[in-house]
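The exercises below ask you to read side-chain relationships from a structure, and each task is followed by a solution in steps.

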Amino acid sequence: MTRLLATALLTTAMAVPAAASELRDMALDYFEPLPSTIPQMADNRVTPEKIDLGKALFFDPRLSASGVFSCYSCHNLTTGGDDNMETSVGHGWQKGPRNSPTVFNAVLNIAQFWDGRAEDLKAQAKGPVQAGVEMANTPDNVVATLNSMQAYKDWFADAFPGEAEPVSFDNMARAIEAFEATLITPAPFDAFLNGDDMALTDVQKEGLQLFVDKGCATCHNGVNLGGNGYYPFGLVEKPGADILPEGDKGRFTVTETAMDEYVFRAAPLRNIAVTAPYFHSGKVWDLKVAVQVMGVAQLGEEVSDEEAVKIVAFLESLTGEVPEVTLPTLPAETANTPRPTAEVVPN
């Protein structure tokens, strides 16, 4: 009896890693772990000087016309890298049209914004600064602001050595991109993909299996579990106008191609458990409900409560460790610094 019990225990112990190994092999067909080093852009090498400058610019509200809003306003690094609002509030307390995506791991997306209109984080950094509903500033005013403070001039010179005029709107965007490239959040799921059988709970493993079996991984795959392709929202059945506003046609506004009506970039799912509310409209606050909405809209099937709970458990394994970011000390404005304005100019 003792020998039989020992044999049974040994067999069970051997079976668990084998099952985990099979699940991992399947997962690696769809997903990739985060890189172990800071991603490098071919045309914007990340350096310590650029990172430090970019961090200062990320937190500096003087990039906005009002002196109130910074990149950090909509991409709060303490609350999931977004602002946890349905849609963001910007210049003159105007309400923006879409939910703010997380900045964490955004450097790994194929493009930026829900409609993919920015090809990279440099282009993305320029957009909100100039958008009338967000920071409502101009490139010339931004450059004048930065040039009015000697510390910024020195930091730009250090970050972009050899350039005749290092303080520029383009270099502002390059520096912010370099800082944002450091905002990588390794999660338990990465540990699992890298060989740690115990990194996921049994329920999370069941949720991962369901996530693949149901077809969620068809759109939400790769290193960011999304962010790498465009799909119609309502592929099988369109959600109601409360979730899918009729006036926002998504990627159509970029391409003006009829096939792109109501097409959006698949949302990256890393840190999704801490970035409510969900979808570009920000109308769903419960992740379990969001999973069930996607089941009907994209897959054409009802996801049961039990199944949704397991999938949510798996999605919670994507909540990563936030890198430690110390607040920068920003230069003081001078007599030459453009003064803030609250004037709202129609777009």
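**Exercise 1.** Is glutamate 86 buried, partly exposed or exposed?

*Solution.* This is a predicted model, in which local features need pLDDT of at least 70 and side-chain atom pairs count only at pLDDT 80 or more, while totals for chains, interfaces and linings use all residues. Residues are numbered from 1 along each chain as its sequence is written, and side-chain values use heavy atoms, with hydrogens and water left out. Buried means under 20% relative accessible area, exposed means over 50%, and partly exposed lies in between, with a 1.4 Å probe and protein chains only. Glutamate 86 has a relative accessible area of 24%, so the residue is partly exposed.

**Exercise 2.** Find the salt-bridge partner of glutamate 86, and state where both residues lie.

*Solution.* A salt bridge is a side-chain nitrogen of Lys or Arg within 4 Å of a carboxyl oxygen of Asp or Glu, and the whole structure holds 18 of them. For glutamate 86 the partner is lysine 283, with the closest N and O atoms 3.1 Å apart. Glutamate 86 belongs to the loop between α3 and α4, whereas lysine 283 belongs to the loop between β2 (263-265) and α11 (287-299), so the pair ties together parts that are 197 residues apart in sequence. Helices (H or I, at least four residues) and strands (E, at least two) are DSSP runs, numbered from the N terminus. Lysine 283 is partly exposed, with a relative accessible area of 43%.

**Exercise 3.** Which salt bridge does lysine 122 form with a glutamate, and which network includes lysine 122?

*Solution.* Lysine 122 forms a salt bridge with glutamate 177, and the closest N and O atoms are 3.3 Å apart. The pair links distant parts of the chain, with lysine 122 in helix α4 and glutamate 177 in helix α7 (residues 169-180), 55 residues apart. Lysine 122 is buried at a relative accessible area of 10%, and glutamate 177 is buried at 1%. Asp43, Asp120, Lys122 and Glu177 are linked in a network of salt bridges.

**Exercise 4.** How are the rings of phenylalanine 58 and tyrosine 72 arranged?

*Solution.* Rings of Phe, Tyr and Trp (its six-membered ring) pair if their centres lie within 6.5 Å, and planes under 30 degrees apart count as stacked, over 60 as edge-to-face and the rest as tilted. The structure holds 14 aromatic pairs. The centres of phenylalanine 58 and tyrosine 72 are 6.4 Å apart and their planes stand at 70°, so this pair is edge-to-face.
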